[in-house]
Amino acid sequence: MTLLITVTGIVQGVGYRPFVARLAEACAISGFVRNIGGIVEIAASGEKEALDKFVQRLQTSWPEGAYILQIAVQETAAQTFSGFRIAPSQNRHIPQPPMLPPDLATCKTCLQEMESPSNRRYRYPLISCTACGPRYSIMETLPYDRDTTSMQDFSMCPACETEYTTQTRRRHAQTISCLDCGPQITLHQGNQCFSGETAITRANALLQQGCLLALKGIGGYQLACDPWNESAVNRLRALKGRERKPFAVMFRDLSVVQSYCQLLPAEETLLQSSARPILLLQKREHDAGDAPSFCAAVSSESRSIGAFLPYTGLHHMLLQAQKALVMTSCNKTGEPIITEDTQALAFGADAVLTHPRRIVTPLDDSVLQVNAGAQQMIRRSRGYVPLPLVVAPSTPHPIAALGGDLKACFCLMLQNYVYPSQYFGDLESYEIQRAFRRGMQHMQQLFNVHPAAVACDLHPGYYTTQYADALALPIYAYQHHHAHIASVMAEHRLSQCIGIALDGTGYGPDGTVWGCEGLLCRGSAYRRFAHLMPLPLVGGDQAMKDAQQVALCYLLDAGCTPDHERVPLLQAALQNRLGVHKTSSMGRLFDAVSSILQIKQYNSYEGECAIGLENAAWAAQRAQAAPYPLQLPFQETDDGTLLFDPQPMLLELYEAMRRTPQLQGALALGFHHAVADMVCRMAQFAAEESQETAVALSGGVYANRLLTEQIVTRLQQQKFTPYWNHVIPGNDSGLCLGQAWLCAQELEGGVSSCAWQCQVQ
């Protein structure tokens, strides 16, 4: 008998064809296996009993890194083959959406070889095999083969070619290379150039001397320095133009992480996963005799450390000489990560550690945390992209969804697969806009997706909205916070829910800035049933940074006149409606409270004031301080909307802080409790009308762990089932998923907004 077998899932770049060949030979099967597009095709001939055993083992086992979605088996005309071989790949169009592997951290076996003096890859920093190494970052087109990646620039030596073609662990490993034939490491310091082991030794010496090192990672250049050297870290801040935002730290191994951070079992698992993300971990308090704390310039005010483990052989070799390194992307703040050697050499580091393997797709490091007992994605990039999300419903219309302008990400939807792009940054910069467009073009070409529709944000001034216009496709625009909630619905396969978005800024169809929204959602439709009372705010984008200005505007509108030099100008602007817009933003409310409590007055990076407020509340809770009793009063309007008024609470905070400033922590904690109470009241109000118990939580504010844990616990106590983003960011990077899902719902005949509003009213 002969069977034609197609395997879909993550089956390219993970050693799946060698695995199939070994299995066929063990089962006495003849035929071939090959890559086609993004899938694997197998022709298998043999006796029925042998074929049954072969198919059964295909269905129950696969190599590390692979993920099988479907195995389709079809009997065809009997054929005779001479043995079993790995046949040349074909770039033939296939109807199934492809699944491609992300970049994988160097595996333990490769590290053992790299550290073994008897191995021919001893001290080779770019070591890899079928189970590890760069994948998406070097891929130019499908199918995944050496000549479709940037490894085509390097010819295999006879020893590597033998391993590639015979029964070894590197059989058909497309990134196979060694000290004789692969890309080699060089260190550039001024006019000097060092190679091989000398380059590594000198790089380590420079780091120990307090120098700044640029090194070529998987998805782009990184900047490294000694985390105990204040001068080096401050120089790094000046070079990047990064005033206060904490730096991530790469640790030698898990034991060193444990000496600086508190670790939950789920956090250990994430740290050691093949994605090797940056994980936000609680700092461990140091007693005398413990490991010395990092210098204050690394992350002085944060209660967390962005910790991650080495994920390339080069990282491991550098960290053999030091326990930890500050490790951050090589770019100016607000610009794309550098991938070109010439840019890195000109950037301004003391030395550049590089190699000639080209980076096709730039990828920043991914960032996660564990929040309310579950994984929460903050930034999705290296190690996760281009893995798709499988959603419902399926649509025959390919969709491009462009997200928003902050923390920009787009996604492509093909059938029921959604492919989110890597993180790009904020689209204020022309260079990031250009990287965004290039990324879109590359992913469309790679996945052979030709969008029939484009989804975007409702904001007419967004770059992404203007880009949607330029694509000359049918446009489907969605309200910002509706897309946030839809991203949770897509991820958890909810067809309807109560949605509560807590966020910074989103354009509302009423012309105001939304940001604290209760939405009843079904299919592609929503109804806004609750929100914060819109308050007048002076200033545009600058107001998002100036927490003191936000607080003064809110207090003035509430009838309080603080004794401050900025008050007369703000009063005049408010009275004359000059540069004033109304906002129901929860992000701005956090800023105002941070300012009133004298915690932070300005956001030098996004969310700084809110993080400071959370830290003050967390410290009070840890000290077992009673939360100051606060609440957000509400009223039901004539149209059946629940309206929460923050003004009385802001006035109470202002007066309490004036009378007893030592209550700062209790006031911060009380504010968090008041917001959690408000969210639960919203859910109760919506449930009375709709009988719904599923509550979707999304928006950038939910990165606040203290608040999210409070909300999740209270909702569960009240018999609601809360859902929030786990594998896609809940901040603006996740908007594209919500937009694509809403567009698919609408294209496939989801519930219309008008019909549903009539029903619920």
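A charge sits over a ring if NZ of Lys or CZ of Arg is within 6 Å of the ring centre and within 35 degrees of the ring normal.

**View 1. Two charges over rings.** Lysine 332 lies over the face of phenylalanine 347, with 5.8 Å to the ring centre. Arginine 528 puts its charged end over the ring of tryptophan 514, 3.7 Å from the centre. This is a predicted model, so local features need pLDDT of at least 70 and side-chain atom pairs count only at pLDDT 80 or more, while totals for chains, interfaces and linings use all residues. Residues are numbered from 1 along each chain as its sequence is written, and side-chain values use heavy atoms, leaving out hydrogens and water.

**View 2. A stacked pair, Tyr260 and Phe294.** The structure holds 18 aromatic pairs (rings of Phe, Tyr and Trp, its six-membered ring, with centres within 6.5 Å; planes under 30 degrees apart are stacked, over 60 edge-to-face, the rest tilted). Here the centres are 4.5 Å apart with 5° between the planes. Tyrosine 260 belongs to helix H7 (residues 254-260) and phenylalanine 294 to the loop between strand E11 (278-282) and helix H9 (296-299), so the pair ties together parts 34 residues apart in sequence (helices, H or I, of at least four residues and strands, E, of at least two are DSSP runs, numbered from the N terminus).

**View 3. A tilted pair, Tyr419 and Phe447.** Their centres sit 4.3 Å apart, with 40° between the planes. Tyrosine 419 and phenylalanine 447 are both buried.

Methods: Buried < 20%, exposed > 50% of the residue type's maximum accessible area, 1.4 Å probe, protein only.
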